[in-house]
Amino acid sequence: MEQSPQQRSKVQTRSQAGRSLSYMEGWQAIAEANRIFGFDGWQRETIAVTCVAERERTLGSSNRAGWGVTYTARVRIRVGEVIREGSGAGHGIDADLGQAHESAIKEAETDAMKRALMTFGNPFGLALYDKQQREVTSSAASMRQAQPLRQQQESAGPEPGVEMGLEPLDPATIQTILSTVRGLPKPALEGFTKAFRKRFQVPADAPSIADRICQRLHRDWIEAFLVSHREVRSGDQRQAAA
């Protein structure tokens, strides 16, 4: 298990039932797995997905007709010979039944993946289960306590005065990322572009996102997207072969 502290910058909060809850976003958990285990050093497999609820409901203050859907999922994480599994649930609410199912499935799989990764240590959210969060730190020095397994990851840390994740990418890395992304099938490329614009708040009138890919946090998010895309393609291939 990875024993280095959880970085405060990678923790999000939300309000639920009058309480403030801390959590990691799914893409951030994938980025941490890529950083620690290596991009090809771990595998994620969805081994069970079940729809447990589907009902009509009203949406928002407008009381429009819509749907509420709930799924459960179980995901297996393999790192070398080590196998961990996690279960999760996801909820989808939408006027379109198909969209509600899609949202619920994605959320359930992400929740299960995070629970499985959590067993590998603090950087994957284990530290958040401590109510006092004693292993959650905002210190950039804590990142240097654990050397990433992949050799291409820079070990020197950010330059003085540069916030973690905002380090600029070198031109060669940017070109490699752009070549990989442009090689995606058209539907996946369109989905990637839409998701990137939403995640990094790219203005709608910006003609391209190519010049927006310039920082380490962009690379980490893109790597997480590619992992998810690879898993979806594998699942489609298995269904086609069945």
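**Reading helices, hairpins and aromatic pairs**

Modeller: Phe192 and Phe196 lie four residues apart in helix α4, so about one helical turn separates them. Please bear in mind throughout that this is a predicted model.

Colleague: What are the relative accessible areas of Phe192 and Phe196?

Modeller: The cut-off for a buried residue is under 20% relative accessible area. Phe192 has a value of 1% and is therefore buried. Phe196, at 0%, counts as buried as well.

Colleague: How many residues does α4 have, and what span should they give at 1.5 Å a residue?

Modeller: One compares the expected span with the distance between the end C-alpha atoms. Helix α4 covers residues 186-199, and its 14 residues should span 20 Å. The end C-alpha atoms are 20 Å apart, which agrees with that expectation.

Colleague: Which residues of α4 are buried, and which exposed residues lie on the face turned away from them?

Modeller: Ala188, Phe192 and Phe196 are buried. Because their arc around the axis is only 65°, they fall on the same side of α4. The face turned away from this buried side carries Lys186, Pro187, Lys194 and Lys198, which are exposed. After the helix comes Gln201, with a positive phi near 50°.

Colleague: Which residues have the most contacts inside the largest nonpolar core?

Modeller: That core has 44 residues, and those with the most contacts inside it are Phe37, Ile77, Leu117, Phe192, Phe196 and Ile222. Two or more residues come from each of α1 (26-37), β5 (64-79), α2 (97-118), α3 (171-182), α4 and α5 (216-241).

Colleague: What does Ile77 touch, leaving aside residues up to four places away in sequence?

Modeller: The contacts of Ile77 include Trp42, Val82, Met113, Ala116, Leu117 and Phe120. With 22 residues, α2 reaches 32 Å from its first C-alpha to its last, close to the 32 Å expected.

Colleague: How many bridges join β5 to β4 and to β6?

Modeller: Strand β4 (residues 43-59) is joined to β5 by 15 bridges, and the two run antiparallel. Within this pairing, Glu56 stands opposite Trp67. The strands form a hairpin with four residues between them, and Gly60 in the turn has a positive phi of about 60°. Between β5 and β6, also antiparallel, there are 13 bridges. Here Ile77 stands opposite Arg84 in β6. This hairpin has two residues between the strands, and Gly80 takes a positive phi near 65°.

Colleague: How many aromatic pairs does the structure hold, and which parts of the chain does the pair of Phe37 and Phe120 link?

Modeller: There are eight aromatic pairs. In one of them, the rings of Phe37 and Phe120 are 5.4 Å apart centre to centre, with 70° between the planes, and the pair is edge-to-face. The two residues are 83 residues apart: Phe37 is in helix α1, and Phe120 is in the loop between α2 and β7 (136-137). Both Phe37 and Phe120 are buried. For Phe192 and Phe196, the ring centres are 5.9 Å apart and the planes stand at 40°, so this pair is tilted.

Colleague: Which residues form a cluster with Phe192 and Phe196 through ring pairs?

Modeller: Phe200, Trp221 and Phe225 are linked with Phe192 and Phe196 in that cluster.

Definitions and conventions: Residues numbered from 1 in each chain as written. Predicted model: local features only at pLDDT ≥ 70, side-chain atom pairs only at ≥ 80, totals over all residues. Heavy atoms only, no water. Expected span 1.5 Å × (residues − 1). Buried < 20%, exposed > 50% of the residue type's maximum accessible area, 1.4 Å probe, protein only. Arc of directions from axis to C-beta. Core = buried A, V, L, I, M, F, W, Y, C linked by side-chain atoms within 4.5 Å. Contact = heavy atoms within 4.5 Å. Pairing = 2+ DSSP bridges. Phe/Tyr/Trp six-rings, centres within 6.5 Å; stacked < 30°, edge-to-face > 60°.
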